[in-house]
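Hi,

Here is the structure I promised to pass on.

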Amino acid sequence: MEQTRPPMSQRINRGLTYLVALAIALWILIPIYLIALAAFSPRQLVYSWPKPLLPTSISIETMRFFLTSYGVLASVRNSVVVAVITLFLSLLIGAPAGYALARYVFRGHHAFQLLILSTRAFPIVILSIPMAVTFINWGLYDTVLSVALVHTAMALPTTVLVTSSVFIGIPKELEEAAMTLGCNRLQAVLRVVLPLALPGLAAAAIFTFVLSWNEVFAAAILTLQNRTLPAKMVVQLNESPIPFRFAGGFFLLVPSLLFIFAIRKYLFNLWGVKLK
Amino acid sequence: MRRRFQWEPYILLLPSTVYLMLFFAWPMLQAFELAFRDENGVWTLEFIQRMVNDVNFWKAVRTTFILIVTIIPLQFLLALAMALLVNAKLRGSDLFVYIYALPLAISDLAAGIIWFAIFTERGYLNTVLYSLGILDQPYIFLNYQTAWPVVAVVLAEVWRATSIVMVVLVAGLQAIPREYDEAAQVFGAGWFTRLWRVTLPLLRPSIQVALILRTILAFQVFAVVLAVAGQALTVLAAEAYRWYGSWRNPHVAAAYAALILVLSLGTTVFYLRTLQVSEEVRV
Amino acid sequence: MAEIRLENVRKVFDRKVVAVDGVSLMVKDQEFTVLLGPSGCGKTTLLRCVAGLEQVDGGRIFIGGRDVTFLPPRQRHIAMVFQSYAVFPHLTVFENIAFGLRMQRQPEAAIRQRVQEAAELLHIADLLERYPSQLSGGQRQRVAVARAIAVHPEVLLMDEPLSNLDALLRLEMRAELKRLLRDIHATTIYVTHDQVEALSLGDRIAVMRDGRILQYDTPLAVYDHPANTFVGGFIGNPPMNFLKGMLRHREDRLEVATSGGTLEVPEAMRSALLAQNRDDVIIGVRAENIEPQTQEAPNTLRGTVLVVEPLGSHNLLTVRVGEEHVKVSTSADFRPRSGETLWLRVHPDKLRWFDPETGQAIRGE
């Protein structure tokens with residue numbers, strides 16, 4: 001049987017489309033490749049010029065130099081602790097609100113949604129400086145908790161919106177079915193909604209983790225000794241040797257790339273603009 | 001008979017409302033208080049004056065605005081292209097979506113360092129130019145007397161923050177029923193006409209959201225500038241940081257913060273006004 | 001004993017949309033009642049009020065003599081089958097069916113036994129270890145029903161349970177449901193917009209429109225004696241024919257004149273029609289109660305054949321009578337040509353009479 005082939009012009013069009021798609025993909029990938037290349041070059045190569053553009057001599061020397069530098073591991077630990085506290089706090093506080101937005105019709109629904117939307121893209125810069133003053137008064141200044149509290153404020157609106165879209169995605173009938181079968185509302189949520197929401201909530205949590213892990217400004221303002229990794233790096237940026245910067249940049253990048261891979265299915269929900 | 005009051009939703013909203021009041025609304029007010037009131041509780045314009053009279057102030061304002069007006073149009077063009085490609089559902093588009101979304105997770109600091117690695121004197125750009133035979137000595141791009149530091153920051157920001165715009169646009173595109181485009185196709189509209197006359201007008205609400213989001217984020221640009229350009233450039237957020245971190249003056253730092261807030265609110269109102277989306281156009 | 005009694009139940013959404021408008025209804029113990037009506041008539045809302053999934057804005061609901069108006073669903077001794085099935089995707093078929101029993105804290109052995117029973121009743125005993133995603137729509141439907149009957153409910157509520165199945169499966173499930181529900185002795189309320197389902201399953205049918213019940217009676221009575229023109233037009237395929245008529249006295253008899261001819265009014269209707277104090281009336285007749293003749297005869301309506309639709313078991317004619325169209329069901333071998341003139345005979349007892357203003361039926365002695 002003869003196969004139907006699209007005409008030449010259509011094939012050229014499609015080829016061009018692919019070419020553009022590929023070019024944009026390369027535009028994103030090449031810089032990532034370069035920083036990986038720099039981070040895994042031996043130290044003297046980092047200073048050399050011109051640099052090889054292919055991974056001809058791979059070494060973990062630069063990475064080891066970075067990780068064993070004074071205070072780096074401690075700051076990594078701080079970063080993780082801050083991110084984990086942020087993640088739990090924002091889920092704990094935000095998920096119930098997300099559930100309320102998803103399931104109930106009530107007076108003030110719209111107003112609350114507006115509050116959340118308007119705080120969402122808010123300049124965190126504004127929060128950090130007065131919060132620093134407040135935290136000094138509270139004796140919380142220069143603690144991981146203080147950073148986590150501000151990061152939670154930053155992540156909360158997103159968490160509310162994301163969890164609400166997760167809950168909207170779970171048919172209401174399932175919960176109602178559980179209630180006709182003997183559950184009260186809380187039992188229905190725990191036995192039916194939560195297990196089904198888990199992947200979505202995990203994605204929201206991971207997203208929050210990345211948000212906190214990446215945040216520089218508030219972390220740098222709110223700490224002196226107990227720096228998170230990005231805060232430590234930005235404060236020392238101009239004094240630190242080039243291999244330290246390259247390895248640090250790559251090290252910051254890795255968890256984010258892994259996490260975004262883990263939640264790739266949910267990416268559009270996370271920033272989805274529509275809300276019921 | 002009256003039905004009983006439904007209190008559950010309010011209980012559920014209470015924690016986040018309280019939290020946002022405590023850690024969002026309150027510090028916002030406090031920022032203004034710090035900016036306009038000294039340690040003794042006297043209302044004053046002293047800190048605003050110090051901010052405006054500082055040598056770096058107008059430089060910071062200028063750079064911030066230059067960055068906004070160059071970055072945002074570039075980002076929208078690129079994001080629109082990416083969103084249309086994603087929406088075209090090419091074979092292997094899952095992979096493209098993933099790659100296009102990668103920068104979502106990349107911090108501004110990491111992005112800054114990456115583009116520093118490219119633009120620095122012994123960096124990859126000079127290497128490529130050398131191997132192409134264009135240069136035989138490294139060119140110092142990140143010299144504050146040239147426009148190159150701005151170019152480098154613009155590229156870094158376009159590279160890093162276009163994905164957010166793309167995601168918003170894709171979400172908007174997917175909310176538009178395909179029938180509109182197909183109908184236009186049946187009536188003989190070409191690709192560009194369909195984009196210009198059908199898709200873009202329907203996409204307006206998403207474009208508005210993305211514009212607001214991006215501009216507000218752009219007023220806060222900080223780590224990218226520091227990492228790429230070091231002392232060669234300064235922006236509003238970097239000045240706020242310097243006043244707090246280096247000079248230990250929370251008042252002038254708060255003045256900068258308040259300025260950023262006012263600018264953010266101003267642009268939001270501006271976009272909402274100029275890009276007014278009438279109810280009928282909403283998809 | 002679990003009869004269901006609704007007293008003046010009212011449900012309003014958003015303070016303005018009246019979904020259920022003062023419904024009173026009595027479903028006897030173990031009776032099968034169907035709520036039938038077009039979409040948006042409030043039938044599902046009414047069912048959800050009985051289930052306790054919606055709080056009523058007025059009225060009372062009693063189940064088995066107990067006032068359950070303010071009780072949550074779990075305290076009403078009900079089970080429900082949802083239109084979308086609402087089978088829990090994260091649980092196996094076994095755990096789905098066992099869900100209600102586990103909430104009752106039944107011992108494990110009893111759970112096993114009752115799950116097995118319910119599964120066998122619905123022919124899904126070999127699917128117990130599967131997850132819902134591995135099941136077809138029809139199988140999920142069976143799981144939903146098994147889950148509901150496993151708790152041995154006194155009251156079974158079903159919300160359009162067959163509407164998501166394809167036509168063939170729906171026919172099969174309908175017969176099976178009928179058998180099943182006869183055996184489990186639960187008082188059942190069944191919501192549907194499909195009149196065939198309602199006629200075939202229900203002991204009694206409540207026809208709803210705009211949040212009110214228009215008629216509550218046995219299927220036969222609803223079909224044969226619609227309470228008003230809406231019920232007559234909604235139930236039956238094709239719907240009941242309606243013709244405008246004028247009452248006229250001739251000698252000592254009463255007759256009704258239509259644009260196609262004059263029909264005799266049966267003696268039993270006489271006083272009721274005269275009591276109306278008006279001359280115009282609407283007469284209704286079902287397609288299968290019309291007998292077409294090729295010869296002119298008295299007491300018939302003259303009409304012209306417009307369309308002949310052969311439907312296998314019978315033929316459906318569309319006949320123009322005066323200005324109105326009448327559907328006539330004939331035997332398969334009666335095939336007039338279009339344009340032909342026919343005389344339609346209607347047995348006087350099969351004529352239904354309606355008030356032209358309110359649409360309400362006028363009943364004789």
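Before the sheet makes sense, you need to know that two strands count as paired if DSSP finds at least two bridges between them. Helices (H or I, at least four residues) and strands (E, at least two) are DSSP runs, numbered from the N terminus.

Some housekeeping: this is a predicted model, in which local features need pLDDT of at least 70, side-chain atom pairs count only at pLDDT 80 or more, and totals for chains, interfaces and linings use all residues. Residues are numbered from 1 along each chain as its sequence is written, while chains are lettered from A and ligands numbered from 1 in the order in which they are written.

Now to chain C. Its open sheet is made of 6 strands, ordered E6-E7-E8-E3-E9-E10, with mixed pairing. Strand E6 (78-81) and strand E10 (212-217) of chain C each have a single partner strand, so these edge strands have one side without a neighbour in the sheet. From one strand to the next, the twist averages 15 degrees (axes are lines fitted to C-alpha atoms, for helices over the stretch in contact, and angles run from 0 to 180 degrees between N-to-C directions). E6(C) runs parallel to strand E7 (residues 155-159) of chain C, and 4 bridges join them. One pair to look for is C:Ile78 with its bridge partner C:Val155 in E7(C).

E6 turns up again where chain C meets chain A. There, 19 residues of chain C are in contact with 14 residues of chain A (contact means that C-beta atoms, placed from the backbone, lie within 7 Å). On the chain C side, E6 and helix H2 (93-103) each supply at least two residues. That side has 14 nonpolar, 4 polar and 1 charged residues (Ala, Val, Leu, Ile, Met, Phe, Trp, Tyr, Cys and Pro count as nonpolar, Asp, Glu, Lys and Arg as charged, and the others, Gly among them, as polar).

Chain A is assigned domain 1 (8-63) and domain 2 (71-271), with bounds from an automatic or database domain assignment. Their C-alpha centres lie 31 Å apart. Their contact takes 9 residues from domain 1 of chain A and 7 residues from domain 2 of chain A. H1(A) gives the largest share of the domain 1 side, 4 residues. By class, that domain 1 side has 7 nonpolar, 1 polar and 1 charged.

Over residues 279-283 of chain B, though, the pLDDT is below 50.

Cheers

Definitions and conventions: Two residues are in contact if their C-beta atoms, placed from the backbone, lie within 7 Å. pLDDT is the predictor's confidence in each residue, from 0 to 100.
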